[in-house]
Amino acid sequence: LFPSTYYLLSGDGAEEFIAAQLEAFAAKTEELPWGNIDELGVSAYEVVIIASLIEKEARIADERNKVAAVIYNRLKKDMTLGIDATVRYALGKWTGSLTKDDLDVDSPYNTRVNKGLPPTPICSPGVAALEAALDPADVDFLYYVLTDTEGNHFFTSDYDEFLEAKEQAPEQ
């Protein structure tokens, strides 16, 4: 369901609204490189799930394809994704710091505990996140951590570098 502003006619209900969202999704995404899904090893629905993770994790435009690369690289290595946004989705807790108990929540959406993708998208991703999910950066990054309150991240393939950067990360 494509996120946007929709104008409905008086008397329109949920069916018309959903139809408009589906139509907008098809129109807005038809030019994206959907042919990449075979090479990426995912289905179109999994691309939407990945894009939803990118939508929630990356606020800086040129970081979206790097976040996508981390997701694909971790999936290929059979690692947990470790994405806090999925924990937030599971808890319905979009603000404030996550506690140890939060991070251990028993949910199929907890990608800190469960390997693979969550069962569904965690939001409705926009075109930029979908494009990043279909065209990830060609990098070997496995980790990223927030470096400032504007949403910039540090990316690395080295776990020790990640831990050092995490020590300096601002509170979320």
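With which residue does arginine 112 form a salt bridge? In this predicted model, the partner is aspartate 84, and the closest N and O atoms are 2.8 Å apart. Arginine 112 sits in the loop between α6 and α7, while aspartate 84 belongs to helix α5, so the contact ties together parts 28 residues apart in sequence. The two ends differ in cover. Arginine 112 is partly exposed, with a relative accessible area of 32%. Aspartate 84 is buried, at 18%, because buried means under 20%.

A search of the whole structure finds four salt bridges. Another of them joins the side chains of lysine 115 and aspartate 78, at 3.4 Å from N to O. Lysine 115 lies in the loop between α6 (100-103) and α7 (127-134), and aspartate 78 in the loop between α4 and α5 (84-91), so this pair ties together parts 37 residues apart in sequence. Aspartate 78 is partly exposed, with a relative accessible area of 48%. Lysine 93 and aspartate 102 also meet through their side chains, with an N to O distance of 2.6 Å. Here lysine 93 is partly exposed at 25% relative accessible area. Aspartate 102 counts as buried at 12%.

One is a patch of negative charge, where Asp158, Asp160, Glu161, Glu164 and Glu167 gather. Within this group, aspartate 160 lies in helix α8 (residues 159-168). Its relative accessibility is 52%, so aspartate 160 counts as exposed. The other patch is nonpolar. Leu1, Leu8, Phe17, Ile18 and Leu22 form this patch, and together they have about 420 Å² of accessible area. Leucine 1 is placed in the segment before α1. At 46% relative accessibility, leucine 1 counts as partly exposed.

Two further positions were considered through C-alpha distances. Valine 47 is found in helix α3 (residues 44-57). Its relative accessibility is 0%, so valine 47 counts as buried. Valine 47 and isoleucine 83 are 36 residues apart in sequence and 16 Å apart in space, C-alpha to C-alpha. Asparagine 152 occupies the loop between β1 (143-146) and β2 (153-156). Asparagine 152 is partly exposed, with 26% relative accessible area. Asparagine 152 and isoleucine 60 are 92 residues apart in sequence, yet their C-alpha atoms are 6.4 Å apart.

Model confidence was summarised for the chain and its elements. The mean pLDDT of the chain is 94, and 99% of its residues reach 70 or more.

Technical notes
Residues are numbered from 1 along each chain as its sequence is written. This is a predicted model: local features need pLDDT of at least 70, side-chain atom pairs count only at pLDDT 80 or more; totals for chains, interfaces and linings use all residues. Side-chain values use heavy atoms; hydrogens and water are left out. Patches are made of residues with over 30% relative accessible area and no salt bridge: like charges are joined within 9 Å, nonpolar side chains (Val, Leu, Ile, Met, Phe, Trp, Tyr) within 5 Å. Accessible areas come from the Shrake-Rupley method with a 1.4 Å probe; for residues, only the protein chains shown count as cover. Lys and Arg count as positive and Asp and Glu as negative; His and the chain ends are not counted. The place of a charge is taken as NZ of Lys, CZ of Arg, CG of Asp or CD of Glu. Helices (H or I, at least four residues) and strands (E, at least two) are DSSP runs, numbered from the N terminus. Buried means under 20% relative accessible area, exposed over 50%, partly exposed in between (1.4 Å probe, protein chains only). pLDDT is the predictor's confidence in each residue, from 0 to 100.
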